[in-house]
Amino acid sequence: MVKLDLLAILVPALPLLGVFITGFGRRKLSAYAAGGIATAMVALSFIASLILFLGHDGQTHIVHLFSWIHVGAMDIPFAFQIDALSLWMMLVVTGIGTLIHLYSIGYMHDDPRVATFFAQLNLFSFSMLLLVMGANFLVTFIGWEGVGMCSYLLIGFWYTTPAFNYAGRKAFVMNRIGDVGMLLAMALMFYQFGTLNYVDVMQQGGLMASGNPLIVTATLLLFLGATGKSAQLPLLTWLPDAMAGPTPVSALIHAATMVTAGVFLVVRSSVLYELAPYTQDIVLWVGVATALFGATVGLFQNDIKKVLAYSTVSQLGYMFAALGTGDYGNGMFHVTTHAFFKALLFLAAGSVIHALGGEQDIRKMGGLKGVTKTTYVTFLIATLAICGIPPLSGFFSKDGILASTFAANPVAYAVLVFAAMLTAFYMFRLLFLTFFGTYRGTAHPHESPKVMTVPLVVLAILSAIGGLLNIPHIFGGHSWLNTFLASAADGIGMHPLELSAGTEWTLMAISTALVLLTIWYAWSLFCKKTTLDGEPADMPFLKRLIAKRWMLDELYAWLFEKPFGWISKHFFSIGEEKIAVPLTAGTGKATLGFGEWLRKVQTGNSSFYLFAMMVGVVVLLILTYFSA
Amino acid sequence: MEVLALILIPFLAGLLLLIARPAAMARGIALVSTLLSLAVVFWLWYTWTGVAVTGISHDWVPAWGMRFVLGYGGIGLLMLILTGVLFPFIIGTGYKQPVGDPVLVNALLLFCQSALFGVFLAQNAFLFYIFFELTLLPIFFLLLKWGGEHKRAITVRFFLYTLLGGLALLFSIAYVTLQTPLPHSADFSVLAALHLPMHVQMWLFWTMFLAFAIKMPIFPFHSWQPETYTMAPTQGTMVLSAVMGKMGLYGIVVFLFAIVPEGAQYWSSWVIGLSLFGALYAAVIAFRQNDFKRMVAYSSMSHFGLMCAALFTWNAYGISGTMYQTFAHGVLMVCLFYIVGAVSQRTGSNDFASMGGLKTKMPRFALLFMFVVGNAIALPLTQSFPGEWLMYNGLWQWNNWTAFAGVLLIVLGAIYMLYAYQRVMLGPDRNIAVTDADDEEHTFLVPLILIFMLVGLFPNVILHLVDGPVQHLLNSFTSLP
Amino acid sequence: MSALILISVLGVLVLYLGLFAKKSWLAPVGILGLLGAIALFYTGWHINHPLLGGMVVFDRFSIGFNIGMAIITVLIFLFGPDYYARKEHHVAEQYALMLFALVGGFILTSYSSLLMLFLGIEILSIPLYILAGAKKHSLRSNEASFKYFLLGAFSTAFLLMGIALLYGITGSFHLDALAAHMTQSGGSDLMLNFGLFFVVTGLAFKVGAVPFHFWVPDVYQGSPTLVMTFMATVVKMAGFAAFFRFIDMTGMPDALARIMVLLTIATLLVGNVIALKQTNFKRLMAYSSVSHSGFLLLALLSDHGLEAGHGMAVGHTLLYYTFTYSLATIGLLILFTIAKRANNGAEHNNIFQGLFAAKPWLALCALAMFLSLAGIPLTAGFVAKYQVFLLAIGAGWLKVMLFGVLMALLGIYYYIMVVREVFVRPAHTVTFVVSPLNWLVISLCAVGVLVLGVWPALI
Amino acid sequence: MEHVMTAIRVVPLDSYLVLSFLLFSIGMVGALVRRNVIIVIMCLELMLNSVNLLLVAFSAYHSDPGAQIMVFFIMLVAAAEVTVGLSILVLMKRNTDSVDMNILNRLKW
């Protein structure tokens, strides 16, 4: 076991070491040195996780480091939990992480603060690993907050632009709102179970009756945390703004790993969710709604990264829909495949942006497929994958989700299929406008260096064959990933789909057909002739509404930000400056005034003194008379 | 003997400064003396066995139960650690941000430290009160001579306001002392033993609580705090917020919980309500503050609100969390006010308008600041997180909704701290002529950062101090008739 | 007894010295005599026998007070030489009159017959009427002495009326007889209450309790500083000693207690509130003296309910309070004289500006004494107030006591305002000239205040 | 001597009380309303003497000489007081050239 413990510690420790090296050496290290070290660290930790993965014996191992918080009956250890789920997430995080680190070397090499960038990127990997490896909610929470902080730092990496800083703060604060739920959930669970270790909580929780209000509350609060991290309705407006960060950041944090933390959390505590059907419905519908929302808004965005951002939102919606139906296996599967193709899309987009010298507006692109071949090809593969064209990875994961949704609730299924069509539309719109037609920009496009294209290729391969991980029975596979994850601490995701093979075939046929149809429509719109959207101002109402993201940002600004600012200002200008301080100062002034008035009694006239004394005597005398 | 040394070392050092007036090496002497007392504190910590220690017990004026009893329990020791650890830094602030005549300033600070040690060591209510008031005098002169604008009016207001509380406390002490069996004694041990009738506890609670509520301050009694913090010289503000405010929390534990437990229990919902409201109120105000220092002042008030609320939840997590947090908050406040001082020293004003985009010019400073911000918004693995986590648990066990109100603070905290950070550091470079953090500032901030990172990683070193006493406190309460 | 004679003779002696214009001898001789008197009192500590047919009793209480007053007088005499340095003629009278007044004080602390009370008050007052007017050509001094005389005589009349009524009831001037009568009649008799009330009126006038305080500010401000010092210290001590003796010997019927409560509250309120806005330092001290009378009355009040002659705790508190208060007052008034000279005759509070810069030690002394008057811990003033609070709570005067606490807060305010001046740098440079003797006295007072604050058991 | 006592006792004690109260009040009111210092001093004397009257009456009724001693003391003291008072008055006349007692009101507030 010593070996396992050591490796388990190494996995997060290596990126942390990277943080220290690149951080302290940020002045001395050259761009490539810093990038190299950072990448190496993550790569090493990937290897460590791989060894752990290969040596995994299906058991759940707790790596207990030390007792972190110990008060009264509360003893929260700093411990890692090594089981199928955490291992799988570790692989995804470090694996994708390595590629993106590698890519960043090329993407960021001429940025003056590149070493800092890598330090923060490593810090993120460290936090993310804590998140997935934690053996109890609180250790997970360390990572949970850590990734939030890193995302804040990286979104605002180019800190001289106020908009970016705002985006960073927005992301962090929205996550914090989610964390309120998470903290309360933890408090509740500790109050209920007297422990926060996943194993014990699940073990004790599993004994409770289904629909127990405590469980429902806890799961709902946890889900609130998840919506914050994973940009589900209503806490999703931060994710598109988060695109302010450098593209690798968008790829790693806001597509592949961090945003899936919410999914991970729900899967982690799936036992509880299984016992709270009420919550599950909520999860399902939030997921569905978000999927639709993201897909619709994606339609008319002109910023290449924004489009991808909204597609991420929508894909996350799919994942939660899966979780809502209790199909955790496919949820995680989609997390994985999505990590592949979405990371790829972002990196490719980054490569395009890099090629065009920072241009992000697709209306100023076009015809790049000749120039940036690798990028084009990989982007194409990713697009097909996300649209769920068989036999690419996206097809399998998405189809699994659709199937289980159909089983759970046909309406949800219909919505999701519609969303899938929209996805196909805007993705191909993006593809066509970017790579086909004629170049509409002014820069001089050029293909990116190898260090950037290699990760693209690797990811392209993964997105292509990723489906093999979890081929469903119907294709004669045996859902390897589901089986593997099922071996995790708490038999996750084991819902034998009660659909006849025929139904499944039909579902697949339908969705694929519709998607292909949509693609053809997109082709006719954007490839045959190039139609560009103008400004939202001159659009029909609904379209404008969608292009303006259903006015969600405006709504929040109007509902929360402005009133909050107003309250803050007036609490001070009225509550403090008009009431509290004047009250104290006023009391003093009043007393002084009283003194000023009272001293006038001392007139200085002896006869008045005599008179006053006599009055005093008489009054007191009368009192004496009556009290005697 | 060590306990007496704690009081004497700073006091004598202060006298030495006043008499010898070594203008050049005043800070050096002060620093050495604080380090010396720090060493003593660590010695006490090292030899701490978990049982309360009575260092000195000596009759003073038996007739009125005044006895000179010095000692410490786990909580007292924590307070000593707080004072001992922070004062070297508070003195050290003078190196980079000098104010006034070094001899006088440091002498006053040392006197204040001596009195503070006295407060946390006193085991006799009367003795406690004497030190409690003596802490005020040095601060009073510090503010009076080296405060900012309106210093004279504000200082007097602050002085009287706090004395009002003090006198109320004195009244309560006199009252409870007379309730003790003859021969009267104001020893905490004796006072804790007498079970006052409920109707007495009902009002006695407030006459005692007033003093501590004003010291911290808690919501309706806070109006002196922001203006005083803003006006005071950095070192004075540090002492006020980082250490003196803690006298309030400590006093609540040793006075209210020990002497009027039922009263405290009875009023707890009111106090928690006020504190939490004040905490949210201050946090909201902090967001739109245009004055950096005042904004930090409000953040401090917000933290105090949460701490006081958690203290009154009457469970191990709330109380331990608060006690733990006193230390965390102290370290945090020293860091923040040092940063405020350093920045405003460079830009020449506390006003956010005079800042912004400084990161380009002072990246290293920005990094240090970022660490402190992390602590301020209670990121896990910083010192503040375990405390807040425990306090939230305490609140939850008391009532779910108070817990919700408390947890909202992490959102608000993030809102105002990050906004402040942005307004100071981020944004386009405005070509304000500033220099980056130099070695002195690093030698000041880095140790503090190390402290709060390490304690955040191993909070048990602090928690194990308070765990026993808190359990004992709760048991003694549950065992009440 | 012998001490009484000694002091009286001493006064005469001093007068003769004055005749032979031995100005420089006056103070030393006076001080020697006073020390002798102290010694005599001390030897008489344990003998507790009545004198003059039981009209005077030198018990511990009176001896304690007498020694206290003698010490204070010594300190004042030490201040004398410097104060009268410029004055060529009629210095001897000042000392002699003070000594005579002191004799009156002695009688007031030790009377056990209303006759002696009356005599004591008059012996104490008449010299003061003259002393107040010592500056013949100063209109203010003249006004002070006039007002003092007028109001004093007026109140004497009330006192006498009271004595007469009490005599009418008991047929004796002796306090024991009075006490005896009260114990049997239960103190509900109207005439008795009137009598008690009138006597209390006379005493209240002496200690400057509202509404009989009107003379205090004017007389204090008008009379020469040294005389004011004497009034504020020795007279106050004597007055409260007499007051306590009367209350304690006779006991306090409820009717009287009610009156006393009113007096206390009024005194606390008026004294402190008016003091807030005083800019003339002597006047400020006058009002502060009124407010301190309020606290002392609070102490007297807690004698209520104790049976006659059992208020020793109260007596002790009164002695401690008045003595420490006197110490602080002397020191500050000497400082005030110095500052006044430095600012050529101004009496505004701000004449203390620059003291810290010029004379740090004296500034610290001033700080100590102000804090003592304000009642900040580790000073005697604090312990004194705390004792009063303890007594008041013990006697169950909780609300009056809380009111007193509030008023104490106001008190702190106006002392702090002056303290602030001490540490402020003045606009123009002022040079404080301090004679070594004054320096000594001030230091003595300051140190005394602190020492008594740390070891209250000394008294 | 004895017949004096009896003579005094002829009148009931209450009458003495009332009389002396009247005298006392007259003196008091006079002191209040008149501004000429000399008259005020006389009024004060009147008050004192009313007390003397009362004391004598009491001593007669109690047949106890103590009160009469007291009366002598009062006279004596009153004499001393008036001496001082008049001397102060002289000073006042010198300084202000008036005997109106409200002329002296520089010390106030």
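Where in chain D is the place of D:Asp97? D:Asp97 sits in the segment after α4 (66-96) of chain D, where helices (H or I, at least four residues) and strands (E, at least two) are DSSP runs, numbered from the N terminus. Phi of D:Asp97 is near 60 degrees, which is a positive value in a residue other than glycine. D:Asp97 counts as exposed because 8 C-beta neighbours lie inside 10 Å; the rule here is that a residue is buried if 20 or more other C-beta atoms lie within 10 Å of its own, exposed if 12 or fewer, and partly exposed in between, with C-beta atoms placed from the backbone.

Before I go on, a word on conventions. Residues are numbered from 1 along each chain as its sequence is written, while chains are lettered from A and ligands numbered from 1 in the order in which they are written. What we are looking at is a predicted model, in which local features need pLDDT of at least 70 and side-chain atom pairs count only at pLDDT 80 or more, whereas totals for chains, interfaces and linings use all residues.

Let me stay with chain D for a moment. Its secondary structure comes to four helices and zero strands, so that is the background against which to read the other values for chain D. The C-alpha atoms of chain D fill a box of roughly 55 × 25 × 25 Å, taken along the principal axes. A compact globule of 109 residues would have a radius of gyration near 13 Å, but chain D has 18 Å; this radius is taken over C-alpha atoms, and the globule rule is 2.2 Å times the number of residues to the power 0.38. Between chain C and chain D, 31 residues of chain C are in contact with 30 residues of chain D, and two residues are in contact if their C-beta atoms, placed from the backbone, lie within 7 Å. On the side of chain C that touches chain D, the elements giving two or more residues are α5 (114-132), α6 (139-170) and α9 (215-222) of chain C, and α6(C) gives the most, with 17 residues. By class, that side of chain C has 18 nonpolar, eight polar and five charged residues, where Ala, Val, Leu, Ile, Met, Phe, Trp, Tyr, Cys and Pro count as nonpolar, Asp, Glu, Lys and Arg as charged, and the others, Gly among them, as polar.

Which two chains have the most contacts among the five pairs of chains that touch? They are chains A and B, where 41 residues of chain A are in contact with 47 residues of chain B. On the side of chain A, at least two residues each come from β1 (61-71), α5 (137-155), α6 (162-193) and α23 (552-598), and α6(A) gives the most, with 15 residues. The residues on this side of chain A divide into 25 nonpolar, 10 polar and six charged. By contrast, no contact joins chain B and chain D, and their closest C-alpha atoms lie 25 Å apart.

Next, two examples of helix packing. Within chain C, α5(C) and α6(C) pack at an angle of about 170 degrees with their axes 9 Å apart, the axes being lines fitted to C-alpha atoms, for helices over the stretch in contact, and the angles running from 0 to 180 degrees between N-to-C directions. These two helices, α5(C) and α6(C), are therefore roughly antiparallel to each other, given that angles under 35 degrees count as roughly parallel, over 145 as roughly antiparallel, 65 to 115 as roughly perpendicular and the rest as oblique.

In chain A, helix α16 (residues 373-387) and helix α19 (residues 450-465) pack at an angle of about 25 degrees, with their axes 9 Å apart, and α16(A) and α19(A) are therefore roughly parallel to each other. Among the residues that make this contact are A:Thr374 and A:Ile381 of α16(A), and A:Leu456 and A:Ala460 of α19(A). The residues of the contact divide into seven nonpolar, five polar and no charged.

I will finish with some individual places in chains A and B. A cis peptide bond, with omega about 5 degrees, joins A:Pro390 and A:Pro391, and A:Pro391 is placed in the loop between α16 and α17 (393-408) of chain A. Another cis peptide bond joins B:Met216 and B:Pro217, with omega about 0 degrees, and B:Pro217 lies in the loop between α9 (198-215) and α10 (225-231) of chain B.

Is B:Trp314 buried or exposed? B:Trp314 is buried, because 20 other C-beta atoms lie within 10 Å; B:Trp314 has a positive phi of about 60 degrees although it is not a glycine, and lies in the loop between α13 and α14 (316-347) of chain B. B:Arg294, in helix α13 (residues 292-311) of chain B, also counts as buried, with 23 C-beta neighbours inside 10 Å. Not counting residues up to four places away in sequence, B:Arg294 touches B:Pro226, B:Thr230 and B:Gln289.
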